[in-house]
Amino acid sequence: LVTLQNLPRMFWSSWCCVVLQSSSSLKASYEDWLLTYGLSVSPFHLRWQTALFNRQFYNWGRWKPKFLYLWFSVGMVFGIVAMFGSVILLGKTLLQTLTQMLTEAPKAQNDRMLQVVVSVPSSGLCLRAVLIMLHENSPSSVPGVNLPISQLTYFFSAILVSGVIHEVGHGVAAIREQVRFNGFGIFIFIVYPGAFVDLFTTHLQLISPIQQLRIFCAGVWHNFVLGVASFMVLLLLPAILFPFYYTGVGALVTEVAEDSPANGPRGLFVGDLVTNLQDCPVYNVEDWNSCLGDISEKSQVGYCVSAATLQQLSFPARVYRRLDGTVECCSNNSLTDICFSYSNKLDRHLYACLPARKVIEASKVCRTNMDCHKDFVPSFCVTPSLENQTRLIRVKHPPHIDMLYVGHPMHLQYTVSLSSFVPRQNFLSIDLPVVIETFCKYLISLSGALAVINAVPCFALDGQWILNSFLEATLSSLIVEKQNRELVGFLILLAGSALLAANVALGLWMVTAR
C-alpha cells in the first residue's frame with residue numbers, strides 16, 4: 001500500500017535513478033566523442049592521435065628505397081655513436097656540476113657544456129627529456145624560472161617542431177622496414193608539447209636487430225639533421241635576406257624596455273642604428289655584446305680635456321667617499337654633472353665636478369695623460385669617479401646626439417634588443433630577421449639536446465631500445481643465452497638511468513637555487 005509518508009521517499013529514489021542514468025549516458029557520450037576524434041584526456045596529459053597522415057607517411061616511406069636505406073643506415077651509425085657519446089657527455093657534465101657545487105667560487109655557467117632543465121614523459125616510443133645545450137653567453141633557461149615570457153613561443157614551438165621531426169624519422173623508418181604504421185599524434189604534458197607515432201609492436205619484434213636499429217636511431221638522427229639544417233640557415237641568413245636587408249653597418253634597435261636606463265628623450269629609440277660604444281666600433285649584435293663585455297671587465301676609460309676647459313667648467317665641490325671606497329664630489333641631486341678624477345704633473349689625484357656632456361662630446365678617450373698630449377696643448381685624462389661596477393658609456397647612434405649611459409653595462413645589454421639586419425625599404429619588418437634568427441637558435445639548442453638525451457641508454461628513452469637491439473646484433477654469438485644478454489642490458493640501463501637522473505636533479509638545483 002502506498003501511503004502519504006512513502007511518497008517523498010519514492011520521489012527521491014526515482015529522481016536519483018534518473019540522475020544516475022543521465023550521468024552515465026553523458027559520460028558514455030563524452031567517451032565516444034573523445035574516441036571518435038582520437039582524443040585522450042588524463043591528469044596533466046592531453047593526447048590526440050589520428051590516421052589522417054598515414055598515406056603521407058607511407059608515401060615518404062616508399063620514396064626512393066635505396067636512398068632511404070642509405071639514409072637510415074647512416075642514421076643507425078650516428079645513433080650508436082651518439083649513445084656512447086651521450087654517456088661521456090653526461091658524465092663530464094655531472095663532474096662539472098659537482099665541482100661547481102663544491103667550490104666556493106664556482107665557474108660561470110657559460111663554461112658548462114650541457115644544462116638539464118626539465119624532463120617530459122611521452123606516451124610514444126620514448127621519453128622526452130628537454131635539455132638546453134649551452135654555449136658562450138647563452139644562459140640556461142627554465143620556463144617560469146628564468147626564461148623570459150617573450151621567449152616562451154620560441155621555446156615551445158621549437159620543442160614541438162623537434163618532437164614532430166623526431167617522430168617522423170621513426171615513422172618513415174618503420175614503414176621502410178615493413179612495420180605497420182598505425183597513426184601519428186601530438187600530446188601536451190602539463191604545458192610541454194610533443195609528438196608520437198603508433199607502430200604495430202608484433203611487426204617491430206619480428207624484424208632483425210639491424211632493422212630495429214634503423215628505426216630506433218631514426219629519431220635522434222633526424223634531430224641531429226634538423227639542428228645542422230637550422231645552423232646552416234642561421235649561418236647563411238645574411239645571404240638569404242640580402243635582397244631585403246643589409247648587414248655590417250651597425251646594430252639596429254628593435255626594442256627598448258620601459259624600465260631600461262636607455263629609455264628617455266636622449267636615449268635609444270626603435271629604429272636607431274648604434275655604431276659605437278665608447279671607442280669600440282659596432283657593426284652587428286655580436287660586436288655590441290663584445291664591446292659591453294669588454295667595458296664591463298676593464299676599468300672605466302677617461303676623456304681628454306684641455307687644462308683651460310677643465311678650469312672653465314669645474315667648480316668647487318665637497319669631496320667625500322662612498323661606502324664602497326670610491327670618491328664623490330658632486331651633489332646627489334645633479335642629473336647632468338659627474339665627478340671626474342685626474343692627476344696633475346705632481347701625480348696628485350684631484351677631483352672636479354664637471355658637466356658630463358660638455359666634457360665627453362668630441363673628446364678623445366684615454367687611459368693616462370700621455371694619451372692626451374697633442375699639438376702641445378696642456379691636457380688631462382679625466383676619468384669618471386663612479387661606483388665599482390658602474391660605467392659611463394658613450395653610445396653613438398647617428399644622426400642623433402650621443403647617448404650618455406651611467407650604470408652597469410649588463411643592464412644596457414639586457415634591456416635593449418637589437419638586430420644585425422637593417423631593412424632596405426621602410427615597409428620591411430625589422431622583427432622578421434630577429435624571429436628567424438631566434439627560432440633557429442632554439443631549434444639548434446633543443447633539437448640537438450633531444451638528439452643527445454634520447455640516445456642515452458636509459459629506461460623509456462630511445463637509448464633503451466637502441467641498446468637492446470645493439471646487444472642483440474653484437475653479443476648474440478658471444479653470449480648465447482638471451483636472459484644473460486638481457487641482464488647485461490638491464491645493468492647498463494640502470495647505470496644510464498642513474499646518470500641521467502643525477503644530471504636532472506643537480507641541473508635543476510643549479511638553475512633554481514642560484
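This report describes selected features of a predicted model, from its annotated spans to its ring pairs, sheets and loops.

**Annotated spans**

The unreviewed UniProt entry lists residues 68-91, 154-174, 181-200, 220-242, 442-467 and 487-511 under "transmembrane region". Two of these spans may be described through their secondary structure. Residues 442-467 are 73% helix and 0% strand, with the end C-alpha atoms 29 Å apart.

**Aromatic rings**

The model contains 20 aromatic pairs. One of them joins Phe155 and Tyr442 in an edge-to-face arrangement, with 6.4 Å from centre to centre and 90° between the planes. Phe155 belongs to helix α4 (residues 152-176) and Tyr442 to helix α11 (residues 432-454), so this pair ties together parts that are 287 residues apart in sequence. Phe155 counts as buried because its relative accessibility is 0%. Tyr442 is also buried, with a relative accessible area of 13%.

The rings of Phe156 and Tyr192 have centres 5.8 Å apart and planes at 70°, so they too form an edge-to-face pair. This pair links distant parts of the chain, since Phe156 lies in helix α4 and Tyr192 lies in strand β6 (residues 192-199), 36 residues apart. Are the two partners buried or exposed? Phe156 is partly exposed at 21% relative accessibility, whereas Tyr192 is buried at 9%.

Ring pairs also connect Phe53, Phe57, Tyr58, Trp60, Phe181 and Phe184 into a cluster. Arg180 lies over the face of Phe200, at 4.0 Å from the ring centre. The charged end of Arg424 sits over the ring of Phe242, 4.6 Å from its centre.

Strands of a sheet pair through backbone hydrogen bonds, either parallel or antiparallel. In this model, four strands form an open sheet in the order β1-β2-β5-β6, and their pairing is antiparallel. Strands β1 (39-42) and β6 are the edge strands, each pairing on one side only. On average, neighbouring strands of the sheet are turned by 20° against each other, direction ignored.

Within this sheet, strand β5 (residues 181-189) pairs with β6 in the antiparallel sense over eight bridges. Gly185 stands opposite Phe196 of β6. Helix α2 (residues 54-61) lies across β2 (45-50) and β5, and runs at about 115° to β5.

**Strand β12 and its partners**

Strand β12 (residues 302-306) is mostly covered, as four of its five residues are buried. It has a partner in strand β17 (residues 365-366), with which β12 forms two bridges in the antiparallel sense. Gly302 stands opposite Cys366 in β17. Strand β12 is also joined by four bridges to strand β18 (residues 379-384), again antiparallel. Here the bridge partner of Val305 is Phe380.

**Residues in loops**

Phe459 is located in the loop between α11 and α12 (462-475). At 30% relative accessibility, Phe459 counts as partly exposed. Which residues does Phe459 contact, leaving aside its neighbours within four places in sequence? The contacts are Gln464, Phe490, Leu493, Leu494 and Ser497. The C-alpha atoms of Phe459 and Gly496 are separated by 8.2 Å, although the two residues are 37 residues apart along the chain.

Two residues other than glycine have a positive phi, as the following table shows.

| Residue | Phi | Loop | Relative accessible area |
|---|---|---|---|
| Phe44 | about 65° | between β1 and β2 | 64% |

Phe44 counts as exposed because its relative accessible area is 64%, a value over the 50% cut-off.

Pro399 lies in the loop between β19 (391-396) and β20 (403-407).

Notes: Residues numbered from 1 in each chain as written. Predicted model: local features only at pLDDT ≥ 70, side-chain atom pairs only at ≥ 80, totals over all residues. Heavy atoms only, no water. UniProt positions renumbered as here; feature names shortened; annotations may be inferred. Phe/Tyr/Trp six-rings, centres within 6.5 Å; stacked < 30°, edge-to-face > 60°. Buried < 20%, exposed > 50% of the residue type's maximum accessible area, 1.4 Å probe, protein only. Lys NZ or Arg CZ within 6 Å of the ring centre and 35° of its normal. Pairing = 2+ DSSP bridges. Axes fitted to C-alpha atoms, helices over the stretch in contact; angles between N-to-C directions. Contact = heavy atoms within 4.5 Å.
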